[in-house]
Every structure is written in structure tokens, then in C-alpha cells.
Amino acid sequence: MVFLTCFLGSTVQAQRVKASIDSISIKIGEQITYTFEVEADSTSFVTFPEGQTFVPLEMFESFKIDTTKNQDKLKLIKKYALTQFDSGRYIIPKQKIQIDDRSFMTDSFAVQVRDVVVDTTKQKMYPIKPSVEVEAQFELPSWIWWVLLVLLLLAVILFILFRRKKKKDEELAKLTPFERAMLTLKKLDESNLLNQHEYKNYYSTLTDAARRYLDEKVDDHAMERTTDELLQHLEELKAEGRLDLDGPTLKDFEGILRRADLAKFAKSNPPQEVAKADRSKVEDIIKNTKESLPEPTEEELLQDQKYLEELAKKRKRNQIIISIVAGVVVIAIALGVLIAQKGFTYLKDTYLGHPTKDLLEEPWIKSEYGNPPMTISTPRVLVRKDTDSILKNLNQPGVKNELFMYGSLISDFYVLLNTTSFEQKIDFDIKNAIDGIYKQFEAQGAANIIMKDEAFKTAQGVDGYKVYGSMTVTDQLTKRQKRVDYSILVFAVNNGIQQLTLVYGEEDEYAEKIAERIISSVEFNAAIN
């Protein structure tokens, strides 16, 4: 590893600020680590560069500051990850470090970014693949969002109106029948119906106040009876001694009901003075009726209490139903938005669960397996298996096989890593291993095998071979068949053979991402022969 170091300023300053890079030559896309080391008093305030100050190199990660304390001094180490995707020679400009009110400038660094050389005599070239038609994903039209917004606003408005009406109904329910009748008459006084010559509405409200009071206290059919039927029933109640109203009061009530019928059905318009007088008479009739009624018995009070309890239960039941409906509407809108944004499959897999999605989102583990060693990252640690290697037919002395596995051929995701080491140097043709892979799959019950192969190169530049395709596997217990995809990497490194096999469900997008991530993580840490 090459380190370039820049000391700043005078002898005193040189003890305070230092800058370095870990390489002066990289391949396209490789990483350079730019490091600042600052020694300052524990009370000092240090400011490091922020943003893209390293142009023409690109800063794609800024690491946390590492702080160590030595007596009354602090040593701060700040690192940045830099890269460049075009070849050439670049100069990292001077960087500014601020310590309290003093500024320190680093030296610039020269970096050479090299092209990746491709030897077309060894690297097989492939024709350009034809374009593939991709099914358009389902998207909701834009007008749907406006409709949902309008529905949401309407739901909010209806909820507010419902709450207001509910509050008024609760307040009204607490009033006695007499108080409700007086409140109706008061609202009638506050209205402008007479000045607008709305006699029909005026007399309907006026007579309904009296009828409703009689319906609740005297005759439970007063609202349904015609004028003649109501007057006759009141006379009968008076004759039975159940209603103590004098003749003039009943006569006034009859006149008011007759005028109300004419106003409602014959569009008659009595003088305003008469209409105002009728309003006063109705109030007197209600008051006289209240005074003429006997005190309620204990049984009647209990019946009223039972009625009120039933009414309260009914209201509560209606509130629960309305709340459930509102909740269902809100959930439906939320689900509609989520499905429109993420899709139904994502929603189902996220909230109902999906085995390979859960596997993909687990913390991954980077481990070294076998001999010769191969390093890969996986969601789960591979378990060593005491199983014969696929290369057991070599049957040579000085051959050692190691096998590591996760899952099985019929599970949601299967990983098999096999390494074989040789004491003596051998010549191994990787392409010849393809026939062995095909036979291995058939031996495990696979059928309808589609196999493709191509050259493969790791991120480190180690050459290998990739075999991939699809096949049908059978569960030996349930005899159920399923179609799976597979990818196999084969390497001949350090006088040994490494084989990585991945098998997963066909059209499982999460499993495909797991496979891609595992394949891209392949490394060989030992010196490559």
C-alpha cells in the first residue's frame, strides 16, 4: 500500500495537521482513502472539508471522526472515500482545515486513474443482446389521485358535520319535552319566516312544537293523527279525566290547527297579527297541558329510564358502526395509495412476509470458506457438511475436499460452496467441469435442465467460469415439482478448485437480488497462483 503524506506549515503546525492518501494509482472506479490527522487542544473547534471539495475526484463517502485523547490533547482522524470513473491523471486540490480561528491548507496530490485492459484474445466477446420488451407496471392515472383527494376532503367535511350534529343531538336529548318545545318556539321567533311570508313553514313548525309535546307526554300518536282525530282524542282524554284542559284552550288549539291546515294545504295567508297571536296561544297551550298533567308514577319513571337507556345503547351502536365504516374507508384509501406507489406484490410481501425478502433484509455475514479459501458475503453462515465432494471420482492421494451449505435444492434459497485442494500441481480445464455439474443435478432428481455458460471475472480480476440456467426439481417427500433458476461459479485458484452453487425459485425477484449480491462479493484473499 502506498502512502503519501503532507505536513503543513511550520514545525509547530506540523505537529497539528497531516493529510495523506493510500494510493497514487488506481483502476477506474476503485477507491482512494483520503485521511486527515489533526492534533489539537481538547477545547479547540476543528472543521473538516464538507461536500465535493475533492473535485475532479468524487467523494462518495465521508466516514465518522475517530477521536483519541492524549493528556490535554485530542487526536482527530477523519477519512473520505474518493473515486473517479474516467481514466487519466488528476490532481486532488489543496484542502482547508479550520482550527478555531486559524486555517491550514494541505498540499495537492496527483493520482493516476488507469483503464481496465481487456485482452480480446482471452476474453470472449459476445454479440449485443436484442432489446427485451418489458411489461409496463400498473400505474394509477393521475386523475385517480385527485378523486382520492376530493373523497378524503369530503370524508373530513362529513366527519366534522357528523360530530357537530351528534353534539347538538346529545344536548337536545338532555332536555325535557317541555324544554324542547320552548326551544322550538324560541327558534321560530328568531326566524324570518313571517316577514318572508313563509306561512306554510311557520305554521308547520308552530303546530309540530305542540304536537310533539303532546306525543311525548299525552298521546304517543299525536304526530300521526289528522286535526280532527287529534281534537277528538283530546276530548276523550278530557272526558276520562286524564287531561284537565278547559274549553277555551281546546277551542284556541282547534282554531290554530285549522289555520295551519289551510296554510299548508290551501296556501292560505292569515294576517301577521293572527300568526303572532297563534304563536303565543301555542305556548300557553303547552304550559297549560304541562300543568294539567298528573305527576308521573314510579312505574312510568322506570319506563322512561328504560327508554333512555335503550336510546343511549342505540346511539352507541350507531357510533361504533360509523367508526368502523370510517376506519375501513381510511384503511382502503391508505392501501390504495400504497398499492399505487409500491405495487400489490411489495405490499403483500412486506406485511404478510416473504421468506427470501426476509433473508435479503437480514444482516449479512462476510466469511472465508474452505481450502483454497474463498470469501463471500451471505445472509446466513454456511454450515460445514460431511458430504462426499462432486470430485470424489478423482480418487487421488493428496486431494482434500471441503463442503459448506445453506438450505437444500428444494428450499427457497440454496447455497453450496465446494473447495478441493491438491498437494501436487494439476492442470484443470474448467469447461470440463460443466458436464460434471449437469450429471450432479440429474443425480439429485433434476429434470428439464437448461444450461448456459460464459467466462466470468471477479471484482479483483480473478478469471473463472459461470454456468447458469433453470431446471425442474422434485420434493422427494411431497412429490411436488417446481421450476428453479441456478447460477454456478467455478474457479481454479491456488492449486485448487472452488465451486459456488446458488439455486432459487424462478421469478423470485428477492432471491435474484440475493444471488447477485453473493456473486459480486466473491473474493480470494490469498496470493493467487
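Predicted model: local features only at pLDDT ≥ 70, side-chain atom pairs only at ≥ 80, totals over all residues.
Visitor: What percentage of the residues is buried, and how many helices and strands does the chain have?

Guide: Buried means under 20% relative accessible area, exposed over 50% and partly exposed in between, with a 1.4 Å probe and protein chains only. Of the 529 residues in the chain, 35% are buried. Helices (H or I, at least four residues) and strands (E, at least two) are DSSP runs, numbered from the N terminus, and the chain comes to 12 helices and 21 strands.

Visitor: At what angle do the axes of helix 4 and helix 7 cross?

Guide: Axes are lines fitted to C-alpha atoms, for helices over the stretch in contact, and angles run from 0 to 180 degrees between N-to-C directions. The axes of helix 4 (residues 199-217) and helix 7 (residues 272-292) come within 10 Å and cross at roughly 10 degrees. Angles under 35 degrees count as roughly parallel, over 145 as roughly antiparallel, 65 to 115 as roughly perpendicular and the rest as oblique, and helix 4 and helix 7 are therefore roughly parallel to each other.

Visitor: Which way does helix 5 run relative to helix 6, parallel or antiparallel?

Guide: Helix 5 (residues 227-239) and helix 6 (residues 247-265) pack at an angle of about 170 degrees, with their axes 10 Å apart, and that makes helix 5 roughly antiparallel to helix 6. The contact includes Leu 230, Leu 234 and Lys 238 of helix 5, together with Leu 250, Phe 253 and Asp 261 of helix 6.

Visitor: In what order do the strands of the 7-stranded open sheet stand?

Guide: Two strands pair if DSSP finds at least two bridges between them. The 7 strands form an open, antiparallel sheet in the order 15-16-17-21-20-19-18, with strand 15 (383-385) and strand 18 (447-457) as edge strands that each pair on one side only. The twist averages 20 degrees from one strand to the next. Strand 15 is joined by 3 bridges to strand 16 (residues 399-406), where Arg 384 stands opposite Phe 404.

Visitor: Which strands does helix 12 lie across?

Guide: Helix 12 (residues 509-520) lies across strand 17 (413-422), strand 18, strand 20 (481-492) and strand 21 (496-505), running at about 165 degrees to strand 21.

Visitor: Which residues of strand 10 form its covered face?

Guide: In strand 10 (residues 96-99), Ile 97 and Ile 99 form the covered face, whereas Lys 96 and Gln 98 form the uncovered one. Strand 10 pairs in the antiparallel sense with strand 11 (residues 102-105) over 4 bridges. In their hairpin, which has 2 residues between the strands, Asp 100 takes a positive phi near 55 degrees.

Technical notes: Residues numbered from 1 in each chain as written. Heavy atoms only, no water. Contact = heavy atoms within 4.5 Å.
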